[in-house]
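Hi,

Here is the structure I said I'd pass on. Have a look at it first, and my notes follow below.

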Amino acid sequence: MTHATGPDAATLDILDLYRQAGAYHEGHFLLASGRHSPKFLQSTTVLQHPHYTEQIGRALAGALRGAGIDAQLVIGPAMGGVVLAYETARHYGTRAIFAEKDGQGGMKIREAFTIAPGEPFVAVEDVLTTGGSVLKAVRAAEAAGGRCVGIACIVDRRAGGGDLHGYPLVALTRLVFDTYAPDEVPGWLAALPLQEI
């Protein structure tokens with residue numbers, strides 16, 4: 001099987017790709033965490049375009065191979081990670097599944113998806129801020145018998161960087177945007193209209 005040629009992980013400019021897709025925003029944003037930020041990346045805006053998603057999936061697969069991570073399965077948290085897991089798996093040469101909310105604060109694997117005992121898998125996420133969603137997907141796949149050999153994301157926004165809870169992490173880029181608690185928002189940011197994300 002052949003795939004279209006294009007940028008790999010080493011040459012793909014993620015921030016520029018988000019800008020091209022209209023997914024990089026500047027202003028005053030109230031994040032899901034309750035913190036305020038002058039910048040925001042909207043991955044769903046990027047991932048609705050097959051051309052951009054194909055480039056990202058190829059770059060993630062290349063970065064995983066480059067890091068020596070060998071898996072037989074790619075998993076993403078629903079809903080945002082479904083398309084990303086599929087496209088990464090397509091270029092990585094594996095199958096893709098997703099984990100979905102279990103109604104109790106965690107995630108589960110659908111009965112239609114099977115994971116062999118000890119089957120090595122990689123979990124993918126778009127933007128990693130705390131890692132909470134992708135770790136729930138990891139836990140669900142581990143509970144189903146799989147073995148996590150790595151996590152991959154488009155953007156790592158964590159200030160500390162490095163591995164995530166002991167799992168090797170591959171990121172296409174690291175972008176750390178300033179965020180502020182509601183009572184710490186600077187005047188210049190407070191003067192801008194607040195947009196809830």
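Tyr 86 is exposed, with a relative accessible area of 51%. On that scale, buried means under 20% relative accessible area, exposed means over 50%, and partly exposed is in between (1.4 Å probe, protein chains only). From Tyr 86 to Gly 160 the C-alpha to C-alpha distance is 28 Å, and 74 residues separate the two in sequence.

Before you go further: this is a predicted model, so local features need pLDDT of at least 70 and side-chain atom pairs count only at pLDDT 80 or more, while totals for chains, interfaces and linings use all residues. Residues are numbered from 1 along each chain as its sequence is written, and side-chain values use heavy atoms, with hydrogens and water left out.

Now the pocket. Rolling a probe the size of a water molecule over the atoms shows where empty space is left. A pocket here is an open set of points on a 1 Å grid over the protein atoms alone, where a 1.4 Å probe fits, with protein on both sides within 12 Å along at least five of seven lines; lining residues have an atom within 4 Å of a point. The largest pocket comes out at about 880 Å³, with grid points joined across faces, edges and corners and the volume taken as the space filled by probe spheres set on the points. Its lining has 33 residues, and Ala 32, Phe 40, Asp 126, Val 127 and Thr 129 lie nearest the centre. Two or more lining residues come from each of β2 (36–41), α2 (43–47), α4 (80–92), β6 and α5. Which element gives the most to the lining of the largest pocket? That is β6, with four residues.

An unreviewed entry carries a "binding site" annotation covering Lys 101, Glu 125, Asp 126, Val 127, Leu 128, Thr 129, Thr 130, Gly 131, Gly 132 and Ser 133. In the model, the lining of the largest pocket takes in Lys 101, Glu 125, Asp 126, Val 127, Leu 128, Thr 129, Thr 130, Gly 131, Gly 132 and Ser 133 from that set. UniProt positions are in the numbering used here, feature names are shortened, and annotations may be inferred rather than shown by experiment.

Two of those residues sit in helix α5. Gly 132 is in α5 and is partly exposed at 32% relative accessible area. Ser 133 is also in α5 and is partly exposed at 38%. Not counting residues up to four places away in sequence, Ser 133 touches Pro 77, Met 107 and Glu 125, with contact meaning heavy atoms within 4.5 Å.

The unreviewed UniProt entry also lists Thr 129 and Arg 157 under "binding site". They span 29 residues in sequence, yet no two of their C-alpha atoms are more than 5.1 Å apart, so they gather at one spot. Thr 129 and Arg 157 are both in the lining of the largest pocket.

- Thr 129 is in the loop between β6 (120–128) and α5 (132–143), and is partly exposed at 45%. Leaving aside neighbours within four places in sequence, Thr 129 is in contact with Arg 157 and Arg 158.
- Arg 157 is in the loop between β7 (147–156) and β8 (169–174), and counts as buried at 11% relative accessibility. With neighbours within four places again left aside, the contacts of Arg 157 include Leu 31, Ser 37, Val 127, Thr 129 and Phe 177.

Next, a residue in another helix. Thr 53 lies in α3 (residues 50–66) and is buried at 2% relative accessibility. The side chain of Thr 53 reaches the backbone oxygen of His 49 at 3.0 Å. Beyond neighbours within four places in sequence, Thr 53 is in contact with Val 46, Leu 47, Gln 48, Val 83 and Glu 87.

Cheers

Methods
A polar contact is a pair of N or O atoms within 3.5 Å; within protein, one must be able to donate a hydrogen and the other to accept it, and residues adjacent in sequence count only if both atoms are side-chain atoms.
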